[in-house]
Structure formats: C-alpha cells, structure tokens
Amino acid sequence: MPASSEILAMPTQAQPAGHTPQAAASRIERVIEALLAACSIATVLTTAGILLVLAVETWSFLREVGIGKLLFDTEWTPLFAQKHFGIWPLVAGTCLTSLCAIAVALPLGVLSAIFMSELASPRLRKWCKPLLEILAGVPTIVYGYFALVVVTPILQRMIPDLAGFNALSAGLVMGIMITPIIASLAEDALHAVPKGLREAAYALGASKVPTILRVVVPAAMGGIAASVIIAVSRAVGETMIVAIAAGQQPRLTLDPRVPIETMTAYIVQVSMGDTPAGTLEYRTIFVVGSALFLLTLAMNVTSYKLAKRFRRAT
Amino acid sequence: MTLNSTPPPRPSPIKLNVDGVRAWFGTNRVLHGVDLPIAERSVTAIIGPSGCGKSTLIRCLNRMHELSEGARSEGSITLDGKDIYSREVDPVLLRRRVGMVFQKPNPFPSMSVRDNVLAGLRLTGSLDRTRADDVVEKALRDAALWDEVKDRLGAPGLGLSGGQQQRLCIARSLAVSPEVLLMDEPCSALDPSATSRIEDLIHALRATYTIAIVTHHMQQAARVSDYTAFLLSGDLVEFSETNRLFTSPRDSRTEDYITGKFG
C-alpha cells in the first residue's frame with residue numbers, strides 16, 4: 001500500500017471500520033502483534049517451568065537427604081549401595097575441565113581478537129571472522145570424539161601416565177570450542193574502542209603495539225572480561241565433550257590426567273540409564289542441575305554487569 | 001617553565017613550511033595545493049567553513065592524515081627545513097616532536113589523571129620513573145590544571161569536567177616535550193568559560209611552543225593567533241598577520257567570510 005494514500009485518508013474521512021485498507025492493515029497488525037507476544041510468553045513460560053521443576057525436585061531431595069550431606073561430604077556415589085551425596089567431586093570435575101579450556105581459549109581468543117581488530121587488513125578480517133565462527137558451529141559430539149580418539153592418543157605420547165579418559169584432553173578440546181566465542185566478542189569490544197583514543201596515542205608518538213596493549217586493550221577490558229566469562233559459562237555447561245572424553249568417575253581431584261566426572265556428564269549418565277523416575281537417584285540430577293544453573297547464572301550476571309560498566313566507560 | 005609574555009621582537013623563523021600540499025580521501029581531493037608558513041613560537045590559526053579541509057591540513061602536519069583509510073597526500077612539508085614526508089623520517093618519531101590536541105577531549109578511559117599525563121612517555125618507553133612526579137606537575141602546571149587536580153591525581157581522567165579533560169589532554173601532549181602543538185578545534189566541545197581558559201592557555205604556551213590551531217570560530221582566531229590562514233574548499237585564500245586579515249582583508253571572499261556573509 002502506498003504511504004501517500006494513508007496520509008490522505010487519515011485526517012477527515014471517517015470510513016466504516018473493516019472495509020478500508022487501513023482497517024484491514026491494522027487488523028493484520030494486531031494479529032501479528034498477538035502472535036509475537038505469544039512467542040515471547042512461550043519462552044518465558046518455558047524458562048519458568050524449567051526453574052519450577054528444578055526447584056521442586058531439589059526441594060524434595062533436600063528434605064529427604066539434607067543440605068549438610070550435599071555440602072560436607074567428599075564423595076558422590078548416589079548410584080551405589082553405599083550412597084554419598086557430596087557434590088564437590090562433580091564441581092571439581094567441572095572446574096578442572098573449564099580451567100583447562102580457559103587456559104587454551106583465553107590467550108588464543110584474545111590474541112586472535114587483537115589480530116582481527118587491530119592488525120589484519122579489512123579484507124583479511126572479513127574472511128577471518130566468519131571462518132573462526134564456523135568453529136563454533138561444529139557439533140560438540142564431533143569435538144568429543146576428536147578429544148577421545150585424536151587428542152588423547154597424542155597427549156599420551158607426551159604424558160605417559162595419562163588415562164584414556166581424562167580431564168586434560170576434554171578440557172583442551174573444549175578450549176578450542178570456546179575460542180571463537182572469546183575471539184568474536186572480544187573483537188567486537190576492541191572494535192568499539194573509539195578511534196579518538198588510538199589517534200591520541202599515535203599523536204603522542206606511540207607506535208602500534210604499545211597503543212594496542214596500553215590503550216586499546218585496557219579500554220576494551222570490560223568487554224573482553226565479559227566475553228571470557230560467557231565462554232567459561234559455556235564450558236561449564238558443555239556436556240558432550242566431557243561425557244565422551246573425560247570419563248564418568250566422580251573424583252575430588254585437580255589432577256587433569258585421571259578420569260573425572262563433570263556435573264553435566266553426571267546428568268547425562270543418569271538420564272541415559274534406567275534410573276526410575278521419582279527415586280532419590282533420579283532426583284539427584286535435578287540437584288546437580290540446580291547447582292549448574294546457579295553457577296552459570298552467577299557468571300552471566302557478572303558478565304552482564306561488566307559489559308554494562310564497559311559501555312558506560314567509553 | 002619560564003613564561004615570557006612579551007611577543008617576539010622580530011619576525012620569528014619558519015618552523016613548519018607547507019608547500020603545495022594536496023590531500024585526498026579515496027578519490028576525493030580535499031586540498032588543492034596549499035602553501036602555508038608556520039612561524040616558530042607563535043600561534044597560527046587556520047579558519048574556514050566546515051568541510052574546507054582545515055582539519056585535513058593540520059593532520060598532514062604530523063602525518064595523522066595518512067592513518068585514515070584511503071587517505072594520501074602530496075607536496076612538501078618541512079619541519080626545521082627537513083621534509084617530514086621523506087623516506088628517512090619515521091612518522092612515529094615525528095609525532096613526538098609535533099603533538100596534537102583533538103576536537104573532543106579524549107583522555108584514556110582506563111587511566112588516572114596522573115597516568116594520562118605520563119601516557120605519552122610510557123607508550124614511547126621513555127619514562128624515567130624517578131622524574132615522573134616532576135613531569136606530571138610541570139605538564140599539569142603548564143596546562144593550567146595543576147591547582148584543580150593536584151589532590152586527585154589518582155582519580156580517573158574521565159571524572160574531570162569537559163574543560164578540565166581538554167586541559168588534561170593538552171598536559172598529556174606537553175609531557176612528551178613536543179616542539180609544535182597542533183590543535184584541531186580544541187574548544188568546539190566546551191562551554192564559554194572553559195573555552196576562555198583554553199584560550200588563555202594557548203596564549204601562554206606560545207612563548208615556548210609553535211602552535212597551529214584549527215577553528216571555525218573567527219573571534220577565537222582573532223583572540224589567540226598571531227597569523228591567520230583562511231581556507232575555502234581546499235584552497236588557501238589568504239594568509240597574513242591576524243590583525244591585518246581581520247581588519248583589512250585583501251580578498252573579497254575573506255571579507256565575506258569574516259563579516260559573516262557565509263560559512
């Protein structure tokens with residue numbers, strides 16, 4: 001519909017509703033609005049539903065077992081006859097793999113962000129970034145088998161007492177998986193640093209590298225930190241790689257060479273098994289799920305706050 | 001610094017000489033061959049309407065122009081008689097001798113007042129730690145900011161007012177001891193009282209530094225400068241002593257501009 005007819009028709013002529021093109025258009029608009037609203041409500045309700053299930057199941061678990069056993073036991077053996085419910089072995093497993101991942105992804109991601117934003121020619125940058133982001137699109141099951149059948153054997157040649165399932169190999173591969181997240185978000189943050197700051201540094205007689213390291217990177221620090229936290233929370237929530245390559249043995253250790261079990265891998269193990277619904281064993285996966293949820297929520301909130309502070313500062 | 005408020009007795013030697021400079025952004029030529037002598041220890045103002053190429057001209061003087069994408073220039077610019085565009089000249093080293101203050105105050109957001117002043121020395125790896133406090137005090141005193149910030153040197157530079165931020169940027173430029181100070185509309189983002197403080201400062205600095213200032217504000221050029229160049233659509237229309245240019249311009253276009261007929 002041409003816009004001019006709308007302008008002409010609007011002011012004076014009161015036309016019977018439902019017959020003019022305007023009325024039809026506004027009816028369609030109302031329908032579209034309602035549809036869009038329904039979509040967003042559906043996502044909110046889904047999230048609320050998940051939270052509710054987590055809370056209810058966790059609550060009934062805690063009533064039966066007590067929070068003390070969860071927090072002050074060092075073993076996690078809910079599926080054995082001799083049940084222990086100390087959640088720390090799983091938390092340690094998650095932390096260990098995530099630490100390995102971040103040890104790889106932080107330098108790799110930040111350096112490639114600096115390269116793309118500050119050093120690469122615009123043409124190279126146009127190619128580089130999408131290529132890197134393809135890495136983020138590889139299914140994690142592929143990464144998982146890559147860790148198990150490629151990375152672990154290679155590492156075993158260097159570290160003789162490395163177990164077939166271990167936190168190290170899963171963590172390293174997970175690091176490769178989250179590198180594009182850091183690279184891409186940190187690149188955005190670096191790119192958003194005002195041109196005026198770079199010019200100020202150049203006008204003082206600074207060359208490129210000092211300008212990048214002392215002016216541009218510090219100015220983008222909030223965004224870079226936010227990208228790292230988002231990447232860590234992705235690593236914490238990652239399931240397939242650790243379930244396949246890190247083993248399924250809850251163990252309170254920070255030794256990356258032995259099999260461990262992460263929180264996510266435990267949830268997979270129980271949900272894939274034949275644990276009947278409604279039992280205590282079954283409820284443990286919701287407890288672990290709640291803990292995982294709180295952990296990633298805390299990290300996402302931190303990252304959001306950092307990013308906000310960073311936007312204010314520039 | 002010993003401020004010598006009396007103007008130089010005789011015409012000062014030429015510090016920077018611009019000869020036939022043409023400059024492009026991509027295929028768009030913005031300067032069509034500009035000649036301009038900039039005298040030592042004096043203030044040379046470059047005036048003209050928006051888009052006349054005055055910022056581009058001043059950015060050619062410390063080779064900042066070439067940093068913009070697709071930008072290039074031709075012609076000769078000499079500093080103390082030496083071509084700054086010759087192969088032997090490292091633009092990075094040149095910019096230590098020819099400092100620049102920008103339109104919008106741009107203190108480094110991650111740094112305190114003190115660190116902002118020292119930024120140039122740190123970035124160029126030439127900071128002598130034992131002298132850092134002296135450098136900070138001297139630069140801030142020279143920029144007429146010391147008394148206002150001496151009790152909060154550790155506070156973030158961005159916490160200062162706009163006018164203070166701009167004086168901080170001037171202090172930052174002075175801390176690397178340049179010979180020439182280029183100012184690209186340094187007051188355009190400031191209120192009148194902050195503007196007048198910067199103008200007083202420019203007046204004081206001319207005893208020590210060679211200053212070139214771009215401004216779209218004619219009264220400002222009249223107040224602060226010894227020489228004025230009028231630029232129009234990439235051509236230098238007129239250049240003379242400021243007094244003469246404003247009282248008896250030779251070119252009718254200059255007269256039209258300074259009497260407010262256009263621009």
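Modeller: Gladly! Let's begin where the chains meet: 20 residues of chain A are in contact with 23 residues of chain B. Keep in mind that this is a predicted model.

Colleague: What makes two residues count as being in contact?

Modeller: Their C-beta atoms, placed from the backbone, must lie within 7 Å. By that test, 20 residues of chain A and 23 of chain B qualify. On the chain A side, α8 (195–203) and α9 (208–219) each supply at least two residues, and the largest share, 7 residues, comes from α8(A).

Colleague: What is the make-up of that side of chain A by class?

Modeller: The side of chain A that touches chain B has 13 nonpolar, 5 polar and 2 charged residues.

Colleague: Now to chain B. How do you know that β1 and β2 of chain B pair?

Modeller: Pairing needs at least two bridges. Strand β1 (residues 14–25) of chain B is joined to β2(B) by 9 bridges, so they pair, and they run antiparallel.

Colleague: Why are β2 and β5 of chain B called edge strands?

Modeller: The open sheet has 4 strands in the order β2-β1-β4-β5 (chain B), with antiparallel pairing. Strands β2 (28–39) and β5 (82–83) of chain B each pair on one side only.

Colleague: And what about β9 and β10 of chain B: how do you know that they pair?

Modeller: The same test of at least two bridges applies. Here 6 bridges join β9 (residues 227–232) to β10 (residues 235–241) of chain B, so these antiparallel strands pair. B:L231 stands opposite B:L236 in β10(B). Their hairpin has 2 residues between the strands, and B:S233 takes a positive phi near 50°.

Colleague: How are two packed helices described?

Modeller: By the angle between their axes and the distance between the axes. For α4 (residues 88–119) and α10 (residues 221–237) of chain A, the axes come within 9 Å and cross at roughly 140°. The crossing of α4(A) and α10(A) is right-handed. Among the residues making the contact are A:A101 and A:A105 of α4(A) and A:V228 and A:V232 of α10(A). By class, this contact has 11 nonpolar, 3 polar and no charged residues.

Colleague: Lastly, which domains does chain A have?

Modeller: The domain assignment gives domain 1 (16–65) and domain 2 (88–313). Their C-alpha centres lie 32 Å apart, and the contact takes 6 residues from domain 1 of chain A and 8 from domain 2 of chain A.

Terms used. Residues numbered from 1 in each chain as written. Chains lettered and ligands numbered in written order. Predicted model: local features only at pLDDT ≥ 70, side-chain atom pairs only at ≥ 80, totals over all residues. Nonpolar A, V, L, I, M, F, W, Y, C, P; charged D, E, K, R; others polar. Axes fitted to C-alpha atoms, helices over the stretch in contact; angles between N-to-C directions. Left-handed = near helix turned anticlockwise from the far one by under 90°. Domains from an automatic or database assignment.
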